[in-house]
2 protein chains.
Amino acid sequence: MSAPIIAIDAMGGDYGPHCIVPACISFLAEHPSLQLVLVGQAPLLEDLIARSSIPALDRQRLHIHHASEVVAMDDRPSQALRGKPDSSMRIALELVRDGKAQACVSAGNTGALMALSRYLLKTLPGIDRPAMVTAVPTQTGSCHLLDLGANVDCSAEHLYQFAIMGAVAAEALGKVRPRVALLNVGTEDIKGNQQVKLAANLLQAASGVNFIGYIEGDGLYRGLADVVVCDGFVGNILLKSSEGLAAMISARLEALFASSLPARAVGLVAMPLLRRLRTELTPAQHNGASFLGLQGIVVKSHGSAGEEGFRSALRRAMIEVRENLPQRLHGRLEHLL
Amino acid sequence: MSAPIIAIDAMGGDYGPHCIVPACISFLAEHPSLQLVLVGQAPLLEDLIARSSIPALDRQRLHIHHASEVVAMDDRPSQALRGKPDSSMRIALELVRDGKAQACVSAGNTGALMALSRYLLKTLPGIDRPAMVTAVPTQTGSCHLLDLGANVDCSAEHLYQFAIMGAVAAEALGKVRPRVALLNVGTEDIKGNQQVKLAANLLQAASGVNFIGYIEGDGLYRGLADVVVCDGFVGNILLKSSEGLAAMISARLEALFASSLPARAVGLVAMPLLRRLRTELTPAQHNGASFLGLQGIVVKSHGSAGEEGFRSALRRAMIEVRENLPQRLHGRLEHLL
């Protein structure tokens, strides 16, 4: 395979190119065969690169593709789709569609990125809707949680498709015979809503999927499954409430460690450890989430991700390119659906 | 008002009477005018009391009401309803129905307790389904989250009723003009599923409810609302995943503090603080959840609650008795629905 090329929506996210350009430059230094295409307002991007200390050889692997428009964080998907034909997000996806890049990474508006991805790249045969997945830390390692908000209403068939896609993605990322579970309010057969019960029936009947049944919210963090499947409403609430809880615990611990002189001494030692933990516990912010079920690779970096977060999203995109994830998914789906 | 009487399902929960009887005895010592009725297998309860060091005067306020059957933690609601006419859970609820007690507290099977409560006590006029609510800690205090799993499928009208009930309960528990929010995957108008959007319309039109709009999972923990409303599927997943995450963070911190000699010294000071935090962060286990919308007071203690957790549930029941919560709810609902 030739050197991979990743298209970057350089204008997206809360910090835009001021964060994304340095993240890309340091990422290139770590990956000597990679090529990156920064899509966005060329003069600004040129300027940011000129002011960096990028080595001349790396500079040859960092391309700029001009796009005159930017999808705002509060644009509706329809605005991004119909009103901004020359947005950095759209052009980056078009590079993937046209085979000029193998993946797209964006920190921009999630809804717009999903709508544009579906429109430009199309879903794989057998997949009605792409899903968003990320790795969540657990007591024993991590688990892949999907969907994270792309689909607020899901039928049993959608949940079933998410389970298949999550299993294949987990395998591609190194899990052997990943344990797949449906998120539910109990582990007994009678628990749950109609969609979840029907999805369980579908998964029980599917061969080649290691379906272990229902899992509850605490079971996820106890590491009882490698792939946890739910609709996008539930997944989004779970992920964001976990972020909020982790932030609250951090804040309380900081307050605790500032409350007395001996506690302050403890805090000096403990705080760096706690900060590391907090970073781990904001998985979407830290790891990026990938869109599964498209005929192409799209990774969403968290809107508020810093340079390290954006690099994690680039790393995820590289792994998916290396593993040729859409092709693997396609092969498995032909078998199963 | 005469001295309150609380009926206790003494056989429920993971630890049963061995935990519940001592919890009740110490609770009586703290509340000199309270009377408790332990419902369950009389010989066992007599024996446990005899082996305790309960003062003679307190003993006069601790009654025993025999019930020959026990609802198992894995009984289906229908089994509890039709197959066990003399269960401790049912008899405790009948005492409330018949005016012989003002509240019922149980650590038993949640689904069975809900089914029996609805059947025996009936819902308030205008309420289709009771909801389960508990206080969740936030960065600024706490918020009342409902529903927690009693209703996995909810219409907009149900969510609306939950919001009203949550607001009245929060007021009764001391919040002035509680801020009521609907849990959603975004705060913009276009976000969410159909039920949530319609419920928002209903709440915007309701007078006397301080509806502040949508809230996301992280906003809940940031303390942006006093009452957070969702369906029981989402609420259950949120609560249990939060419990799981808090447990995971505790475990990681313990491991962190055991990892080196200086860290161990830190841990000696930090661990008691962390344990306190963990207790706070398992709200259902710690606080008990109450059923709202019934013609009577029912508080569910967590199945795995220890003595302190069970006392918290008793405390909640006492407050609801003092505030005459079902009556307050009834008055407000007559106005609003």
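The dialogue below goes from conventions to the chain interface, the domains, a helix and one serine.

Colleague: What conventions apply before I start?

Modeller: This is a predicted model, in which local features need pLDDT of at least 70 and side-chain atom pairs count only at pLDDT 80 or more, while totals for chains, interfaces and linings use all residues. Residues are numbered from 1 along each chain as its sequence is written, chains are lettered from A and ligands numbered from 1 in the order in which they are written, and side-chain values use heavy atoms, with hydrogens and water left out.

Colleague: How many residues of chain A are in contact with chain B?

Modeller: Contact means heavy atoms within 4.5 Å. Here 49 residues of chain A are in contact with 49 residues of chain B. Buried area is the accessible area (1.4 Å probe) that two parts lose on being put together, summed over both. For chain A and chain B that comes to about 4,400 Å², with 76% of it on carbon and sulfur atoms.

Colleague: How many salt bridges does the rule find across the interface of chain A and chain B?

Modeller: A salt bridge is a side-chain nitrogen of Lys or Arg within 4 Å of a carboxyl oxygen of Asp or Glu. The rule finds two across this interface. Glu216(B) and Lys240(A) form a salt bridge through their side chains, at 2.2 Å from N to O. A polar contact is a pair of N or O atoms within 3.5 Å; within protein, one must be able to donate a hydrogen and the other to accept it, and residues adjacent in sequence count only if both atoms are side-chain atoms. Six residue pairs, both residues at pLDDT 80 or more, are in polar contact across the interface of chain A and chain B.

Colleague: Which elements of chain A supply the side that touches chain B?

Modeller: Helices (H or I, at least four residues) and strands (E, at least two) are DSSP runs, numbered from the N terminus. At least two residues each come from β5 (131-138), α8 (194-205), α9 (217-222), α10 (232-257) and α11 (261-280) of chain A. The most come from α10(A), with 20 residues. By class, that side of chain A has 27 nonpolar, 14 polar and eight charged residues. In this scheme Ala, Val, Leu, Ile, Met, Phe, Trp, Tyr, Cys and Pro count as nonpolar, Asp, Glu, Lys and Arg as charged, and the others, Gly among them, as polar.

Colleague: Into which domains is chain A divided?

Modeller: Domain bounds come from an automatic or database domain assignment. Chain A has domain 1 (1-127 + 293-323) and domain 2 (129-283), and their C-alpha centres lie 26 Å apart. Each domain of chain A gives 13 residues to the contact. The area buried between domain 1 and domain 2 of chain A is about 1,000 Å², 69% of it from carbon and sulfur atoms. On the domain 1 side, Met114(A), Ile127(A) and Arg316(A) lose the most area to domain 2 of chain A, together 49% of what that side buries. Between the two domains of chain A there are zero salt bridges and one residue pair in polar contact, both at pLDDT 80 or more.

Colleague: Which residues are linked with Arg311(A) in a network of salt bridges?

Modeller: Glu307(A), Glu308(A) and Arg315(A) are linked with Arg311(A) in that network. Glu307(A) meets Arg311(A) at 3.8 Å, N to O, and the two lie four residues apart in helix α13 of chain A, about one turn. For Arg311(A) and Glu308(A) the closest N and O atoms are 3.0 Å apart.

Colleague: Is Arg311(A) buried or exposed?

Modeller: Buried means under 20% relative accessible area, exposed over 50%, and partly exposed in between (1.4 Å probe, protein chains only). Arg311(A) is buried because its relative accessible area is 14%. Glu307(A), at 33%, counts as partly exposed, and Glu308(A), at 35%, is partly exposed.

Colleague: What does the side chain of Ser106(B) make a polar contact with?

Modeller: The partner is the side chain of Asp9(B), at 2.7 Å. Ser106(B) is in strand β4 (residues 103-106) of chain B, and it counts as buried because its relative accessibility is 0%. Leaving out residues up to four places away in sequence, Ser106(B) touches residues including Met89(B), Leu113(B) and Val299(B).
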